[in-house]
Amino acid sequence: MFPTPSTTNLDVARVYEPAEDSFLFLDILQEELPFIQERFATVNAPTPLVVEIGLGSGIVTTFFHKNILPDALFIGTDINPYACSISKETSKENGNTRYFDVLRTNLWDGLRPGLVDVLLFNPPYVPDETVPSIENAVKTDDWLDFALLGGSDGMQVTSALLDRLAEFLNLARGVAYILFCKRNKPVEVANSMRNRGWIVDMVNERKAGWEVLSIWKFRKAK
């Protein structure tokens, strides 16, 4: 098992603290190591671009750099200004991620089409009638709900991303890893995406308290 990156500078009152969903992501990436390296670490292949949307503490991107594709280019996005700062601190604390930039933006805004080779997304998946607004977060300086609340079915943000996945993923070789909870109905989501021409596989799932979490892999069919 690869070690979990440390996050001693994390302000848990302002940035999502790594939890079972984060650790499931790390374990999945380790499982996927042979697939990812075979796909992207071949001789003379273009340097892959790895993008984590909503990177929070930065633990997933840091882990990916240290253990999966150390020579890749990395971009992380987050609307939370404190997450943007702390993710860079997490990188430095664990030896620095080469070629790592953080964009303070709303999810995928600003990404150029067709360039993302590996997309990592631990979305706000908790069903809740309340969806956080940027205006309210600015007024209250409370950004944590952006990492948690995903609308009435927990899929508001994830569905929007899936609708645009073909826009910013490199369709020739790109792959997306996205986390779901069982209440998001991931099997139905996977079948819907297959009908739209995607190869979709569940990599693994894990029971976390009262919730069942799973991570799914999306690739465009040839």
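**Close-up 1. Helix 1 meets helix 2 in this predicted model.** L29, Q30 and E31 supply the helix 1 side of the contact. Helix 2 answers with L33, P34 and I36. By residue class, this contact divides into four nonpolar, one polar and one charged. Helix 1 spans residues 20–31, and helix 2 spans residues 33–40. Their axes come within 4 Å. The crossing angle is roughly 60 degrees. Helix 1 and helix 2 are therefore oblique to each other. Such a pair is described by the angle between the axes and the distance between them.

**Close-up 2. L69 sits in a loop between helix 3 and strand 2.** Helix 3 covers 59–67, and strand 2 covers 73–78. L69 counts as buried because its relative accessibility is 6%, and the cut-off for buried is under 20%. Leaving aside residues up to four places away in sequence, L69 touches I36, Q37, F40, A41, P48, F64 and F74. I36 is one of these partners, and it also takes part in the contact of helix 1 with helix 2. Along the chain, L69 and I36 are 33 residues apart. Their C-alpha atoms are separated by 8.1 Å.

**Close-up 3. Strand 4 pairs with strand 1 and with strand 5.** Strand 4 holds residues 118–121. Strand 1 (residues 49–53) runs parallel to strand 4, and four bridges join them. In that pairing, I53 stands opposite F121. Strand 5 (residues 175–181) also runs parallel to strand 4, again with four bridges.

**Close-up 4. The side chains of strand 4 point two ways.** V118 and L120 point one way. L119 and F121 point the other way. Which of these residues are buried? All are: V118, L119, L120 and F121.

**Close-up 5. C84 and C181 are both buried.** C84 has 12% relative accessibility, so it counts as buried. C181 counts as buried because its relative accessibility is 0%. Residue 181 is the end of the range of strand 5, residues 175–181. How many disulfides does the model contain? The count comes to zero, where a disulfide would need a pair of cysteine sulfur atoms within 2.5 Å.

Definitions and conventions. Residues numbered from 1 in each chain as written. Predicted model: local features only at pLDDT ≥ 70, side-chain atom pairs only at ≥ 80, totals over all residues. Heavy atoms only, no water. Helix = DSSP H or I, 4+ residues; strand = E, 2+ residues; numbered from the N terminus. Buried < 20%, exposed > 50% of the residue type's maximum accessible area, 1.4 Å probe, protein only. Contact = heavy atoms within 4.5 Å. Pairing = 2+ DSSP bridges. Axes fitted to C-alpha atoms, helices over the stretch in contact; angles between N-to-C directions. Parallel < 35°, antiparallel > 145°, perpendicular 65-115°, else oblique. Nonpolar A, V, L, I, M, F, W, Y, C, P; charged D, E, K, R; others polar.
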